[in-house]
Amino acid sequence: MNNIWKSAKLDFSLVKPYVKTICLIMILPIVFAAVNRSLLTGISFAMCLIAKTTGYTFSITEKNSMERLYGILPIRKSDMVIGRYIFMIIMGFAALIFSLVAHPILLTILGETISIFDCMNAASIGIFLFALYTVFQLPGYYKLGSIKGRVFLYIPVAGFLITLLPITQIPVGESKLLFTVINSPALLMLLAVIFVIVMYVISILVSIKILKNKEV
Amino acid sequence: MKLIISNISGIPIYEQIKQQVKSAIMSGDLQKDETLPSLRTLAKELKISVLTVTRAYTELEQEGFVKNIQGRGCFVLGQGSELLREQLICKIENNLSEAISAARVANLSEEELHHLLSILMEEKTDE
Amino acid sequence: MNNYLEVRNLSKSFESFQLRDITFSLPKGYIMGLIGPNGSGKTTTIKLILNMLKRTSGEVKILGFDNITNEQEAKRNLGVVFDSNYFSDEWKISQVEKSVSSFYENWDTQKFSETLKRFHIQPSKRVKELSKGMQMKLMLACAFSYDAKLLILDEPTSGLDPVSRDELLNILSEYIEDGEHSVLFSTHITGDLERAADYITYISYGELFFSGGKDEFIDRFRIVKGGCEELSADLGKKMIGIRNFSTGFEALVKTEDLKQFAHLNVEPATIDDIVVFTSKRGEQYE
């Protein structure tokens, strides 16, 4: 078992006592989906919420001054950071799968028709949102701690607003490139995947750098 | 062997250990070829520094009371040991030469010094 | 490898405090006390050793490994005890083992449960339910379970009752008994060290005052006491620290200067005396 995995496991044991709370939180998006009668809204909301729970590892560590434990373990700082990203991504996936089962069932009961395509669509957007939140969130937590680090959550939100406005202004028909991209789901998907991977790599590198220079 | 440490006697702990080991040897409490308690065990039990016990044992060895054999322990050489005898003779010589220099300062003749020694010897045997 | 810990010319600059040029080494098989008043740099030194603070300059070797370039190897055989525990409050003791053990290849589960038993810690308890003394023992139990060769304790006795402090000293003396383990122990309660420590490293105002054998350290100084009229300006100059009171004075002097004080009442100094009197001097000069 390598150190990254051990480190992810340690993170899990930190959060373990709070798993019930997190499960309860995940009920909220179901209600949201039901009220809005929309799978996409529900899943997006679920992924935003689970992205917020990544703060648990940081706040528990701070509350118990556990940076001292991390400071004495025979493990590289980079492994600690990657372990935490892995743990967080696993949490995200768990939440996604749970939501992808729970939301369609409820919506079907309520009389909506949910196709596989709808599910895939919602899942892709959910993953994208989750990635977008967390790539900013984690370096923020590493840099500023679990309380002040929360402001980094608003970077993607602000980013949305700023990018959405100009995008709607661009006449789609005039840009051939944009037109092809938007009309080819496969290409759009591929671009999104590359974008997510690149963002994570940068985010992890930034977090490692922050942790290496951190004094506790 | 009894070994106790006093914190208020003002005598350094290593000196206390040395004195008690010596008197145990002199009184026959510690026989020839018996081993002293292991250095580290003694330190642990008396809750004192290992270095303190090391110093006591090393000095005891230098003075010819015990012999330290690496890995086997510290063995008592016994009262009759050659080394111990030599050590004692050396000590006598030192003390006597000190007495001689003092006698010179006090202008005491050799005969008077001998006389003084015999008186002291008699007093000792009386005890 | 004879020295389990080597610290060479270690320095660290903060805005308001500087640790300057600290050098000492701890041989295998011994206990070293790291002493000094609060704020003198003991914890800074320990955090630099653990690479939790970035040193400005100098070198640290733990069990022969550089603490930065070979951090993992250095920490594999290192146990650390802080004044409060570093586990999650919500963990049960059994969870502590689960969380920490995987990081150490030679973790001995049986040894852990035996040590807990010896320390009277119930595995079903939660960390937050343990007393301060118990928390310290839990950290020790972990270190013993992977047979840490070097144990670093940062103010472990502050806030402990005399019984727990005595227990700790017993545990430590036993730990080094086999000659294969060493302890670095920072404390301002010097009574803890008076007997059990082999070496003393004394840091005062961020600078190394002394590092060497404890007996030698204590033997370097004496306390002299006398009446007010016995104190002259010449004698005063030779004193490291002095406390005057209405009926007389007591002062710390170097043993080598003792001849000049022969007419006074001379007593051996305790570690506390030395720290108290030398720190007073520092205050006057700064």
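In this predicted model, the accessible surface of chain A comes to about 11500 Å², and carbon and sulfur atoms account for 76% of that area. Of the 216 residues in chain A, 44% are buried, where buried means under 20% relative accessible area.

The secondary structure of chain A consists of 11 helices and 0 strands. Read along the sequence, the pattern of chain A is accordingly one α element after another, α-α-α-α-α-α-α-α-α-α-α. The contacts within chain A may be described by separation in sequence. Among those between residues at least 6 apart, 80% join residues at least 24 apart.

Attention may now turn to chains B and C, and to the second largest pocket. This pocket holds about 750 Å³ of space. Its lining comprises 24 residues, and those closest to the centre of the pocket are I11(B), P12(B), I218(C), P268(C) and A269(C).

The element that gives the most to the lining is α8(C), with 4 residues.

Among the residues closest to the centre of the pocket, I11(B) and P12(B) come from chain B, while I218(C), P268(C) and A269(C) come from chain C.

Note on methods. Residues numbered from 1 in each chain as written. Chains lettered and ligands numbered in written order. Predicted model: local features only at pLDDT ≥ 70, side-chain atom pairs only at ≥ 80, totals over all residues. Heavy atoms only, no water. 1 Å grid on protein atoms, 1.4 Å probe; cavity = no way out; pocket = protein on both sides within 12 Å on 5 of 7 lines; lining within 4 Å. Points joined across faces, edges and corners; volume = space filled by probe spheres on them. Helix = DSSP H or I, 4+ residues; strand = E, 2+ residues; numbered from the N terminus. Buried < 20%, exposed > 50% of the residue type's maximum accessible area, 1.4 Å probe, protein only. Contact = heavy atoms within 4.5 Å. Areas by Shrake-Rupley, 256 points an atom, 1.4 Å probe, with all protein chains shown as cover.
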